[in-house]
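This briefing is for a reader meeting the structure for the first time.

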Amino acid sequence: MKDLKIWFSRRKVIALSVSIVATTVAHAASTVTGIDFKNSDTTSQLSITANGPVTFEKQENTADKQLIIELKGAKLSKAASRKVDTSSFNSKVSLISPYQVQGQEDTARIVVQLKDNVSAEVTQEGNQIKVSIPNGAAAGTAVSASDAPPPAAAAPTAATPEAPPAAAA
């Protein structure tokens with residue numbers, strides 16, 4: 001009977017050890033492996049990719065024209081820790097600044113500095129968070145001076161037949 005108690009006791013210790021290891025692995029922070037910026041005429045798109053599950057919270061700081069994405073359960077890789085200067089793009093986004101929150105090793109923030117306050121849409125698909133920022137109606141129509149068409153007066157007229165002049169009576 002004594003041998004049977006020791007066997008059960010060892011089995012509980014082993015089961016408890018396996019449970020602790022599984023819990024620790026489940027709560028380990030995922031790594032943010034990439035932060036990509038794409039710009040189009042109508043929208044700036046920020047894609048945040050992690051190697052595992054993360055949760056996010058969106059905050060808007062209108063006084064400083066900032067959009068803040070806080071990632072819970074996330075650590076930034078070296079590549080994802082770099083700032084991205086987007087000020088030369090025809091976009092509402094001027095700078096993307098990711099950083100690890102001090103004292104919270106499993107929390108990262110991505111601060112998106114905006115040129116103007118706009119409302120952003122944030123969605124999550126698996127391990128990827130997508131931030132969609134509208135560039136405004138006129139953003140896609142702006143053209144640099146070297147790409148601008150000639151003034152309207154100098155533009156060639158369309159090759160459409162004109163109506164004959166009205167006959168004098």
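Glu 60 is partly exposed, with a relative accessible area of 45%; buried means under 20%, exposed over 50%, and partly exposed in between (1.4 Å probe, protein chains only). The model is predicted, so local features need pLDDT of at least 70 and side-chain atom pairs count only at pLDDT 80 or more, while totals for chains, interfaces and linings use all residues. Residues are numbered from 1 along each chain as its sequence is written, and side-chain values use heavy atoms, with hydrogens and water left out.

**Salt bridges**

- A salt bridge is a side-chain nitrogen of Lys or Arg within 4 Å of a carboxyl oxygen of Asp or Glu, and by this rule the count comes to four salt bridges.
- Glu 60 forms one of them with Lys 58, at 3.3 Å from N to O; Lys 58 is partly exposed at 34% relative accessibility.
- Lys 72 and Glu 70 form another, with the closest N and O atoms 2.8 Å apart.
- In that pair Lys 72 is partly exposed, at 34%, whereas Glu 70 is buried, at 5%.
- Lys 92 forms a salt bridge with Asp 116, and their closest N and O atoms are 3.1 Å apart.
- Because Lys 92 lies in the loop between β6 and β7 and Asp 116 in the loop between β8 and β9, the pair ties together parts that are 24 residues apart in sequence.
- Lys 92 counts as buried at 19% relative accessibility, while Asp 116 is partly exposed at 36%.

**Strands and their pairing**

- Strands (E, at least two residues) are DSSP runs, numbered from the N terminus, and two strands pair if DSSP finds at least two bridges between them.
- Seven bridges join the antiparallel strands β3 and β4, and Thr 55 has Lys 72 as its bridge partner in β4.
- β2 and β10 are also antiparallel, with seven bridges; Ile 48 stands opposite Ile 129 in β10.
- β9 (residues 121-125) and β10 run antiparallel and are joined by five bridges, and Thr 123 stands opposite Lys 130 in β10.
- β9 and β10 form a hairpin with two residues between them, and Gly 126 in the turn has a positive phi of about 65 degrees.

**Core and buried positions**

- A nonpolar core is a set of buried Ala, Val, Leu, Ile, Met, Phe, Trp, Tyr and Cys residues joined through side-chain atoms within 4.5 Å.
- The largest such core has 24 residues, and Ile 48, Leu 71, Ile 110 and Val 131 have the most contacts inside it.
- β8 gives the largest share of this core, four residues.
- Contact means heavy atoms within 4.5 Å; Ile 48 touches residues including Val 32, Ile 69, Leu 71, Ile 110 and Val 131, not counting residues up to four places away in sequence.
- In a regular strand the side chains alternate between the two faces of the sheet.
- β10 has a covered face of Ile 129, Val 131 and Ile 133, and an uncovered one of Gln 128, Lys 130, Ser 132 and Pro 134.
- Thr 107, in strand β8, is buried at 3% relative accessibility.
- The C-alpha atoms of Thr 107 and Ala 29 are separated by 8.5 Å, although these residues are 78 residues apart along the chain.
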